[in-house]
Amino acid sequence: MPNRTLSFAHTSFLLFAALIAALLLATWELTIPTAQHSAAVWIVEDDGTADGVEVARTVQRVAEERDIAIGFITPDVRTPDSLWHMYLAAGDPRSAEAGWLTDGYPSFGRTMELRVHPVEDLAGRGLRGNYLVFGPPENAPVLAGALAEHGLGASVGASEARLWESFLGGPLFHVLAMALLVGVTSVGAGVLLDARDHGVRRLHGHSYARILRGDLGRIARLWGIALPAVSALALILLGLYNGWNQLGLYAAVALAVLGVFAAAALATHAAVLGLVHTDDILPALRGRLPVRSTRAAVHLARVPVLLLLLGVLAGTVHLAQSAREQRAALEAFDRTGETSHATLNGSTGFEDPGTAESLLGPWLREADLDGRIVIAEQHPPEALVPVGAPRPGFDVLVVNDTFLARQEVLSSDGTRYGAAPSEDRVRILMPRAHADHRDTVEGEAPAWYGLQAGSTGTAADIEVLPLADGQQVFTYGSKDPRGLDAAPFLRDPVIVALPNGAALSDRTYVTYMTHEAVLFPDPGVVREARSDPRVAEYVNTVQPIRDKAAADHASQLTLLRIELLALVAGAAVLLMTGVAACLVHVRTHAQTVFARHISGWTFPAAHRRFLAVEAAIALGFVGWAAWDSATTLRALDDPGRALPPQLVPTTGFEPLYAAAVTAAGLALTLAALALLHRRIVREGSSQA
């Protein structure tokens with residue numbers, strides 16, 4: 001059997017593969033409620049000639065001719081965050097997919113439910129959306145051609161979301177990366193700890209290949225014990241969690257992840273063993289390591305560890321703050337009652353956008369005039385300053401009179417703002433904290449209003465009025481213009497108050513709707529509008545914002561737990577790399593350290609060069625973090641640079657996070673060095 005460090009490395013790879021596969025399938029269902037399909041046909045065009053009954057028959061015919069299953073999926077109108085529907089045509093009545101019609105779909109996780117209906121129920125619904133193919137993927141073009149005969153056009157060149165893409169960015173990637181680093185670092189340390197044993201084998205004439213084969217044989221015997229044990233544990237936990245739903249898919253994903261881990265472990269083992277063989281046999285028998293190459297390898301591993309830990313720590317802090325804010329805002333969302341937001345069908349965006357505007361714009365305008373919608377649009381603040389000017393340090397919230405009637409917004413003298421005195425009055429409510437921007441905003445407001453009103457808006461009389469400082473204004477959960485998590489409250493925002501129904505163009509109404517900024521206190525307004533099949537084709541969900549806020553909070557907590565797992569794994573890697581660095585140091589300088597100790601040198605003096613290198617790495621990392629943070633913040637203030645949305649916004653605290661990471665790393669390294677130093681003192685340099 002391999003030594004304890006190598007045994008830990010390979011066992012951790014098995015455990016991480018089982019865990020990551022489960023996390024991947026569970027979180028994937030939050031995006032697409034099934035991962036078992038092989039291909040998808042995304043229908044985005046409908047010339048109006050398609051009949052739902054005939055389309056259902058065609059889908060059933062293709063499924064039977066090709067001996068596959070085909071499902072059309074769509075979110076539930078009221079609860080899209082937890083319920084989807086699939087209209088299924090099964091070509092083989094004995095297939096597992098056919099069983100879903102009677103037994104239900106076997107979802108892997110507990111968050112999302114997928115209800116399965118016969119394909120005949122597709123009649124009377126909108127026909128644009130995703131048609132999933134359960135079978136060989138080459139059947140997708142056949143299905144697309146059959147649907148084209150009904151005037152339904154598929155998106156050309158659109159890329160389908162893939163399961164592996166869930167690893168790109170975010171907590172799952174951090175867990176995968178940290179798991180790789182934990183295992184790779186442990187493998188490297190395990191091989192280094194066997195340096196004496198390898199020296200003995202070399203003394204007996206064993207070649208590099210023979211030693212490697214011997215190591216791999218012992219590792220194979222470990223896998224022979226650990227793999228069945230981990231598999232049994234995974235089966236027990238999956239049985240308790242979901243009754244072994246999608247066990248085959250889970251096993252395939254786990255084996256794929258395990259293959260990546262095994263390849264990394266093999267490459268690391270072979271490379272570190274090669275490093276050990278670069279030393280002469282006699283020094284190797286004394287446990288000596290190749291100093292330069294081993295140090296370079298250790299520090300090469302520590303750089304990505306520090307970078308990843310910085311990202312994980314920043315992500316953990318951001319998710320914790322967001323979850324805390326969401327938790328505190330749930331009471332405010334509960335007070336909104338049945339207030340709902342409506343979403344547009346994403347499969348209708350490739351046709352003439354004027355169709356949606358001409359259909360939905362007048363309806364939204366009329367509802368606004370009647371006071372039946374609330375507008376709460378978070379707007380980019382640079383839109384209210386001249387082009388090229390630095391981004392101002394305030395948030396912008398565009399609201400209507402109905403918003404002011406439902407949410408308390410106070411002037412500087414404590415008076416509550418209400419409806420506009422006339423339909424041509426646009427008020428910009430500005431806190432005194434941002435009064436230095438008053439003239440700039442007042443000068444740019446007419447141009448901004450012209451873009452919002454288009455040719456349908458009335459001429460506006462724009463005035464800037466004072467707003468009391470220190471107010472937190474409710475956003476109703478509308479989308480952040482920077483692509484960040486929706487903030488439930490804005491502190492001291494600049495509020496642009498528009499009169500109901502008299503300021504926005506049809507296009508702007510629809511745009512605000514896509515931002516979840518058009519709210520319906522009475523969701524019956526949307527349900528009544530959806531009785532028109534043309535509107536139902538575009539407006540596919542109407543969800544109470546309190547339900548969405550609760551679902552977002554639960555999702556945020558899940559991501560936070562995953563990030564915390566990555567943080568713990570990162571701390572383990574930081575400890576391992578520190579131990580490896582200390583091990584190389586004491587194995588190389590054991591006699592010198594022992595001589596200095598008996599000569600009365602203090603601990604810092606005996607290891608001054610090693611500690612100086614560690615301090616230099618720490619200072620360099622913190623300095624780089626400070627420079628990178630300052631550069632990013634300057635870029636954010638530059639309106640001429642279009643920056644991609646950040647999963648974790650740059651706050652300026654990154655140097656503090658870097659200092660915390662390096663302080664933890666130094667503390668762990670010093671603790672390991674102190675233990676090894678005591679061993680040298682107790683047993684003498686020959687036993688170090």
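Author: Of the 688 residues in the protein, 49% are buried, where buried means under 20% relative accessible area, exposed means over 50%, and partly exposed covers what lies in between, with a 1.4 Å probe and protein chains only. This is a predicted model, in which local features need pLDDT of at least 70 and side-chain atom pairs count only at pLDDT 80 or more, while totals for chains, interfaces and linings use all residues. Residues are numbered from 1 along each chain as its sequence is written, and side-chain values use heavy atoms, with hydrogens and water left out.

The accessible surface comes to about 31000 Å², and carbon and sulfur atoms hold 59% of that area; such areas come from the Shrake-Rupley method with a 1.4 Å probe, and for residues only the protein chains shown count as cover. The C-alpha trace spans about 90 × 70 × 40 Å along its principal axes. The secondary structure consists of 20 helices and 16 strands, which are DSSP runs numbered from the N terminus, helices being H or I over at least four residues and strands being E over at least two.

The axes of α7 (residues 208-242) and α8 (residues 247-276) come within 12 Å and cross at roughly 155°, the axes being lines fitted to C-alpha atoms, for helices over the stretch in contact, with angles from 0 to 180 degrees between N-to-C directions. That angle makes α7 roughly antiparallel to α8, since angles over 145 degrees count as roughly antiparallel, under 35 as roughly parallel, 65 to 115 as roughly perpendicular and the rest as oblique. On the α7 side the contact includes Tyr208, Ile211, Leu212, Asp215 and Trp223, and on the α8 side it includes Leu247, Tyr250, His269, Leu273 and Gly274. By class, this contact has 17 nonpolar, two polar and one charged residues, where Ala, Val, Leu, Ile, Met, Phe, Trp, Tyr, Cys and Pro count as nonpolar, Asp, Glu, Lys and Arg as charged, and the others, Gly among them, as polar.

Helix α7 also packs against α1 (residues 4-28), the two axes coming within 10 Å and crossing at roughly 30°. Helices α1 and α7 are therefore roughly parallel to each other, and their crossing is right-handed. Residues of α1 including Leu6, His10, Leu14 and Ala18 meet residues of α7 including Ile219, Trp223, Leu227 and Tyr241. The residues of the α1 contact with α7 divide into twelve nonpolar, three polar and no charged.

Elsewhere in the chain, α17 (residues 545-598) and α20 (residues 654-683) have axes that come within 8 Å and cross at roughly 40°. That makes α17 oblique to α20, and α17 passes α20 in a right-handed crossing. Their contact comprises 18 nonpolar, six polar and no charged residues.

A few further places complete the picture. Glutamine 543 is found in strand β16 (residues 539-544) and is buried, with a relative accessible area of 4%; beyond its neighbours within four places in sequence, glutamine 543 is in contact with residues including Val77, Arg78, Asp81, His341 and Lys548. In helix α14 (residues 506-514), the buried residues are Thr508, Tyr509, Val510, Tyr512 and Met513. Glutamate 516 lies in the loop between α14 and β15 (518-520), where its phi is near 60°, a positive value in a residue other than glycine, and at 11% relative accessibility glutamate 516 counts as buried. Aspartate 492 is found in the loop between β13 (489-491) and β14 (494-498), with a positive phi near 50°, and is buried at 15% relative accessibility. Proline 93, in the loop between β3 (83-90) and α3 (96-103), is instead exposed, with a relative accessible area of 70%.

Conventions:
Contact means heavy atoms within 4.5 Å. A crossing is left-handed if the near helix is turned anticlockwise from the far one by less than a right angle, and right-handed if clockwise.
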